[in-house]
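I opened a new entry today.

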Amino acid sequence: MGYWDLEEGKDCIEKTWITTKLGTAIGLVGSAYHIVAFQPESAIEALQRATKGTVTMASLGAIFGMTTCLSAQARDAPDDPLNYFIGGCASGVFLGARTHSAMTGTSACLGLGLLAMFTKAGKKEGWKITGPPEL
């Protein structure tokens with residue numbers, strides 16, 4: 001089952017597991033590109049960079065998945081896109097804490113929150129980015 005197949009506000013552990021796996025995969029790919037683009041001086045440095053990037057992205061996925069699900073339960077509004085904004089914002093705040101920058105945290109909160117909220121709203125309303133237009 002995929003993320004969108006699970007009911008909102010339920011199966012929080014499974015939803016968090018899916019978002020954590022997705023974050024880990026994105027972190028691995030991003031780390032690989034970073035290591036290729038900026039050659040490390042040693043294998044240890046490459047491993048440290050890969051680990052740092054991958055763990056950060058996995059953490060963002062886990063925070064997003066759990067916060068979104070718990071917000072849906074606490075607010076008793078499972079299909080509300082605001083839950084996704086809250087989850088994206090929580091991930092952004094973690095990113096700001098990770099970088100020790102309030103500006104990074106604030107902008108990541110707004111950026112990730114809005115991206116997640118519009119993704120949920122688009123999914124809910126059937127928005128399409130690609131494909132032939134429907135008449």
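My notes follow, feature by feature.

I am working from a predicted model, where local features need pLDDT of at least 70, side-chain atom pairs count only at pLDDT 80 or more, and totals for chains, interfaces and linings use all residues. Residues are numbered from 1 along each chain as its sequence is written, and side-chain values use heavy atoms, with hydrogens and water left out.

**Disulfides.** I found two disulfides (pairs of cysteine sulfur atoms within 2.5 Å). C12 sits in helix α1 and C69 in helix α2, 57 residues apart (helices are DSSP runs of H or I, at least four residues, numbered from the N terminus). The S-S torsion of C12 and C69 is about -80 degrees, so this disulfide is left-handed. C69 is buried, at a relative accessible area of 2% (buried means under 20%, with a 1.4 Å probe and protein chains only). C89 and C109 form a disulfide too, their sulfur atoms 1.7 Å apart. That pair joins helix α3 to helix α4, across 20 residues.

**Core.** Which residues make up the largest nonpolar core? I listed six: Y3, L6, I18, F64, Y84 and A116. Such a core is a set of buried Ala, Val, Leu, Ile, Met, Phe, Trp, Tyr and Cys residues joined through side-chain atoms within 4.5 Å. Leaving aside neighbours within four places in sequence, F64 is in contact (heavy atoms within 4.5 Å) with residues including Y3, Y84 and A116.

Key
Buried means under 20% relative accessible area, exposed over 50%, partly exposed in between (1.4 Å probe, protein chains only). Helices (H or I, at least four residues) and strands (E, at least two) are DSSP runs, numbered from the N terminus.
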